[in-house]
Amino acid sequence: MATNPLGIDLDAYQWGFRMPEHYVFKSRKGLSREVVEEISYLKGEPDWMRAFRLHSLEVFWKKPMPTWGPGLSDLDFDDIYYYIKPTERQVRSWDELPQEIKETYERLGIPEAERKFLAGVGAQYESEVVYHSLKEEWEKLGVIFVDTDTAVRQYPDLVREYFGTVVPPEDNKFAALNSAVWSGGSFIYVPAGVQVEVPLQAYFRINAENVGQFERTLIIVEPGGYVHYVEGCTAPIYTTDSLHSAVVEIIVKEGARCRYTTIQNWSKNVYNLVTKRAVAYQDATMEWIDGNLGSKITMKYPSVYLVEPGAKAEILSVAFAGAGQHQDPGGKVIHAAPYTQSSIVSKSISKDGGRAGYRGLVKVYKGAKGSKCAVRCDALILDDRSRSDTYPTMEIDEEDVQITHEATVSKVSDEQLFYLMSRGIREDEAMNMIVRGFIEPIAKELPLEYAVELNRLIALEMEGSVG
Amino acid sequence: MVVREGLNEAAVRRLAELWQEPEWLQDRRWQAWELFRSLPLPPSTHEAWRRTPPERLAWDGLSPVLQEQGSAEAWRAAEGLRGEEPILVMHNGAAAGSAGLEALHRAGVVFCDLRTAVREHADLVEPYLFRAGLRAEESAFTAQHVAFATGGVFLYVPEGVELDQPLVVAEWVDGEALVAPHTLVVLRPHSRATLVQRRTGRARGLVNLGAELVVGEGAQLHSVQLQDLPQPAREFGVVRTRVGRDATARSLVASFGASVEKLFVESLLDAPGGSSEMLGVFFADDAQHYDVHTLQEHQAPHTASDLLYKVALLGSARSVFAGLIRVHQGAQKTNAFQSNRNLLLSADARADSKPELEIMANDLRCTHGSAVSRLEEQHLFYLQARGLTRQQAVHMIVEGFFGEVLDRLPVERVRLWLEQKVAEKMGSQAPLGRVTALRGLLEEVAQGR
Amino acid sequence: MSGFLAVARVEDIPDRRGKAFEVAGRRIAVFNLGGHFYAIDDTCTHEEASLSAGPVMGEMAVCPRHGSRFHIPTGQVRSLPAVRNVATYAVKVEDGLVYVDPTPRVHAGRIHGGA
């Protein structure tokens with residue numbers, strides 16, 4: 001009996017659907033065994049991945065929808081394209097883009113070539129050159145940085161060993177969905193002791209399917225290695241897709257460190273339901289820096305499992321919810337070994353009827369002696385129609401710990417505004433400065449160009465917020 | 001239909017007879033009975049019940065207690081709590097005696113057992129009972145509470161009447177049965193009262209408690225609920241306070257006994273200017289399991305709430321604190337604070353904490369904090385270096401931990417009683433704070449906490 | 001205390017299935033992998049769930065709640081969200097009966113191997 005590392009029975013999926021030789025794939029809505037088989041076939045995948053997908057599809061069908069958190073009842077699984085060939089994605093031309101997206105790009109000062117890339121308009125642009133020179137550097141060091149589809153073909157053993165071991169398909173309904181229909185995403189392998197100095201950014205991968213609905217990212221940092229991965233971009237990503245459901249799995253081994261930065265800015269029709277999870281071994285450090293500005297609904301709780309002594313986790317989360325948006329981000333830290341440490345800082349801003357907040361879990365297993373965790377959540381509500389929610393959970397099974405949680409919700413104080421205005425600063429600019437100050441602890445952790453863009457984006461969102 | 005032996009129609013009828021209750025109340029009871037028959041237990045996958053499976057509060061084989069009148073034993077048990085204050089002694093919901101009520105009656109205050117109240121003061125009771133704060137349709141447990149309400153206490157304070165002395169209720173609960181005592185407090189505008197209630201006894205069954213506290217405009221209520229049931233007993237309870245315009249409600253809930261306790265303690269601030277202080281003291285040992293939900297519900301502007309719940313755990317005890325602050329749209333100028341502190345005193349103890357905020361107004365100040373920690377070895381060392389045994393040192397730190405809450409109590413005797421309970425849990429004869437020579441030390445520790 | 005206790009007849013546990021038993025106060029799941037019997041703790045180390053109630057996939061017991069994989073012969077966890085291994089128990093088959101020795105043995109090992 002042949003199985004894959006998750007125990008999925010390859011034989012059980014042998015008798016499945018087979019493609020005719022001159023098959024032409026046509027994107028169509030809805031989800032079925034056939035659609036999943038087609039995706040796997042078009043990608044030329046090995047049997048084990050096809051079996052994994054089909055197994056996951058069955059799990060997806062059986063799993064209930066989450067009964068907590070933002071309402072997802074408007075989500076229609078039959079009205080979604082689960083796979084669109086890259087060539088189809090790229091036929092979209094610059095002129096077809098909605099005017100407001102084009103304007104936003106211009107105001108953010110993003111170069112034209114990059115704008116086209118962001119808009120899904122397949123184009124070459126100058127960073128290709130950058131990418132190639134960096135690529136040579138990485139390859140000399142043994143670093144692998146490719147899209148996950150390529151990794152399945154070129155590094156099958158490595159992918160097979162780790163894929164699905166951090167987030168199994170059964171974990172939750174959307175992880176199961178991603179496991180069935182995933183496409184694109186990044187695969188990163190950092191060999192022992194290698195420090196990748198330049199942040200690896202998703203949009204360097206110009207040949208791949210960059211902006212996917214169902215990305216699957218897998219990062220392995222061997223002992224003593226370091227990598228900073230930057231997902232997505234701060235510019236709004238235009239998509240007609242209504243559902244984005246990614247899975248990110250990260251393994252950080254002894255003494256290694258991984259930082260993962262996301263500034264999410266999906267267009268405001270998107271359900272963004274993402275499972276991100278890392279496991280950190282002895283003295284390893286995992287850092288999630290997660291900004292959420294776009295989407296209609298975001299449910300995303302990056303988590304870190306601290307499974308060996310001395311492992312550390314840091315989660316920084318910023319959320320901004322405007323009209324019609326519900327940002328439900330957060331973080332989870334599982335202390336499963338002694339002397340592990342974590343810190344979570346969350347900053348959320350809601351405005352124009354938006355809803356933002358924090359949902360999190362801190363769990364300390366028995367025996368995780370000397371563990372420390374501090375959680376700090378601050379929310380700013382800019383008007384009386386908006387809402388902030390804070391839902392932390394602490395489950396503490398060990399006596400020898402120090403766990404603290406603090407949260408505040410407040411408005412921009414009149415004193416602060418008055419102070420700034422008395423120095424000749426206009427009210428809207430003063431408000432902007434206060435909000436910038438509020439998110440400063442997180443902005444300062446971003447690479448410079450991202451911090452600049454984040455500030456510009458927030459300034460854009462803040463327009464018209466003053467009388 | 002759910003089969004619930006022992007808790008049947010005959011029992012509902014018998015209780016209604018015992019109460020000699022008017023028709024309106026019989027209607028409420030029978031409606032609750034229909035709900036009780038049809039409502040399933042909350043599923044253990046439900047977030048509010050995930051950490052305490054409802055089966056732990058199951059009533060298989062239990063019958064409702066049908067106490068006709070109180071016993072002398074209940075009266076004797078009340079001794080420790082008795083002083084000069086007016087007191088009602090209750091036994092499984094039935095009156096067992098009272099003292100010092102004359103002055104109250106002269107002032108127009110009604111302070112009596114609930115069975116008497118529904119007959120003699122129906123006009124005062126009817127608008128509120130099972131309406132003002134607790135409704136049968138909330139869950140199988142509240143339906144059970146109303147359908148099998150065994151008795152309880154009624155306090156009514158007329159407009160402008162201010163009572164300086166606290167009123168005391170000593171409730172004795174025994175037998176392997178379902179006991180469902182109810183408390184209804186109505187403070188009319190600009191009145192003031194303090195109510196201290198203690199549940200103790202030899203109960204081995206399930207106590208299903210309900211309390212509705214209505215604090216009228218400008219009124220002030222201080223309520224204290226002490227739970228000291230023996231460990232075989234299990235308890236479910238809903239304690240809900242409605243805080244009127246410019247009214248003040250202060251509450252303390254303290255639990256030491258029962259094997260399983262699931263409490264919902266809620267303050268509803270639905271008129272401007274209302275303010276609520278909510279204090280909690282929970283001290284569990286052995287395999288005791290406490291699961292407490294609190295709610296600070298701000299529905300009106302200019303309201304304030306301040307919650308401080310302290311939990312200490314020994315043995316393999318487990319606690320769950322789930323506290324929610326909800327500020328509704330339009331409830332501007334709200335001040336809401338919540339603090340949950342958990343002290344783990346043994347390697348097998350376990351504490352969960354879920355402090356939650358749902359905020360739909362922007363002009364407010366709202367914070368919550370939560371911490372789980374163990375004894376600081378430094379503190380222990382410090383105290384031992386001054387001649388205390390380790391056990392005394394631990395006891396002293398626990399006293400200091402709870403002291404922050406106990407210092408806010410209005411009735412000295414209640415504070416002494418609580419300190420004594422803490423001492424008993426610590427295996428000591430008496431509270432250390434009473435040993436004058438140690439007071440200074442205690443303060444030093446308290447400052448370092 | 002150790003010693004083998006009979007828990008089931010061989011035919012009670014079909015191939016590639018598991019069944020839970022209360023043995024000396026422990027909930028132990030016995031699995032049949034192609035005629036070889038193995039015993040591990042029945043309760044997932046992540047959240048309360050019965051491993052014998054989930055599917056057997058290859059040599060893995062899959063937790064029905066969140067998909068953690070446990071390698072049946074060694075009890076090792078091979079996929080999050082569980083992080084701790086389950087104990088294994090010695091099993092023997094004699095005269096068509098399955099015996100379990102309820103002395104727990106926990107293997108070392110972690111989900112992702114070292115470099």
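The following conversation discusses selected features of a predicted model.

User: Let us start with chain A. How many helices and strands does the secondary structure come to?
Analyst: The secondary structure of chain A comprises twelve helices and 19 strands.

User: And what share of the residues of chain A count as buried?
Analyst: Chain A has 467 residues, and 53% of them count as buried.

User: What about contacts in chain A with a separation of 6 or more: how many come from residues 24 or more positions apart?
Analyst: Residues 24 or more positions apart account for 82% of those contacts.

User: Now helix α11 of chain A. How many residues has it, and what does it reach from first C-alpha to last?
Analyst: Helix α11 of chain A covers residues 427-443, which is 17 residues. Its span is 22 Å, close to the 24 Å expected at 1.5 Å a residue.

User: Where does the kink in α11(A) lie?
Analyst: The kink lies at A:Gly437 and is about 35°.

User: Which residues of α11(A) are buried?
Analyst: The buried residues are A:Ala430, A:Met431, A:Asn432, A:Val435, A:Phe438, A:Ile439 and A:Ala443.

User: What covers them?
Analyst: The cover includes the strands β13 (312-321), β15 (341-350) and β17 (371-381) of chain A. It also includes the helices α10 (414-422) and α12 (448-462) of chain A.

User: At what angle do α10(A) and α11(A) pack?
Analyst: They pack at about 125°, and their axes are 9 Å apart. The two helices are therefore oblique to each other. Their crossing is right-handed.

User: Which residues make that contact?
Analyst: From α10(A) the contact involves A:Gln416, A:Leu417, A:Leu420 and A:Met421. From α11(A) it involves A:Glu427, A:Ala430, A:Met433 and A:Ile434. A:Ala430 was also listed among the buried residues of α11(A).

User: Let us switch to chain B. How do α1 and α2 pack there?
Analyst: Helix α1 (residues 9-19) and helix α2 (residues 23-38) of chain B pack at about 160°, with their axes 11 Å apart.

User: Are they roughly parallel or antiparallel?
Analyst: Angles over 145 degrees count as roughly antiparallel, so α1(B) is roughly antiparallel to α2(B). The contact is made by B:Glu9, B:Val12 and B:Ala16 of α1(B) together with B:Gln26, B:Arg29, B:Trp30 and B:Trp33 of α2(B).

User: Is B:Phe130 buried or exposed?
Analyst: B:Phe130 is buried, because 21 other C-beta atoms lie within 10 Å and the cut-off for a buried residue is 20 or more.

User: And what about B:His302?
Analyst: Phi of B:His302 is also a positive value, near 55°. B:His302 is in the loop between β15 (289-298) and β16 (304-313) of chain B. With 18 C-beta neighbours inside 10 Å, B:His302 counts as partly exposed.

User: Which residues is B:Phe141 in contact with, apart from neighbours within four places?
Analyst: B:Phe141, in helix α7 of chain B, is in contact with B:Asn208 and B:Phe236. B:Asn208 is 67 residues away along the chain, yet the two C-alpha atoms are separated by 7.5 Å. B:Phe141 is buried, with 24 other C-beta atoms within 10 Å.

User: Lastly, chain C. Is the peptide bond from C:Leu80 to C:Pro81 cis or trans?
Analyst: That bond is cis, with omega near 10°. C:Pro81 is placed in the loop between β8 (77-79) and β9 (88-94) of chain C.

Key
Residues are numbered from 1 along each chain as its sequence is written. Chains are lettered from A and ligands numbered from 1 in the order in which they are written. This is a predicted model: local features need pLDDT of at least 70, side-chain atom pairs count only at pLDDT 80 or more; totals for chains, interfaces and linings use all residues. Helices (H or I, at least four residues) and strands (E, at least two) are DSSP runs, numbered from the N terminus. A residue is buried if 20 or more other C-beta atoms lie within 10 Å of its own, exposed if 12 or fewer, and partly exposed in between; C-beta atoms are placed from the backbone. The expected span of a helix is 1.5 Å times one less than its number of residues. The bend at a residue is the angle between axes fitted to the seven residues ending there and the seven starting there. Two residues are in contact if their C-beta atoms, placed from the backbone, lie within 7 Å. Axes are lines fitted to C-alpha atoms, for helices over the stretch in contact, and angles run from 0 to 180 degrees between N-to-C directions. Angles under 35 degrees count as roughly parallel, over 145 as roughly antiparallel, 65 to 115 as roughly perpendicular and the rest as oblique. A crossing is left-handed if the near helix is turned anticlockwise from the far one by less than a right angle, and right-handed if clockwise.
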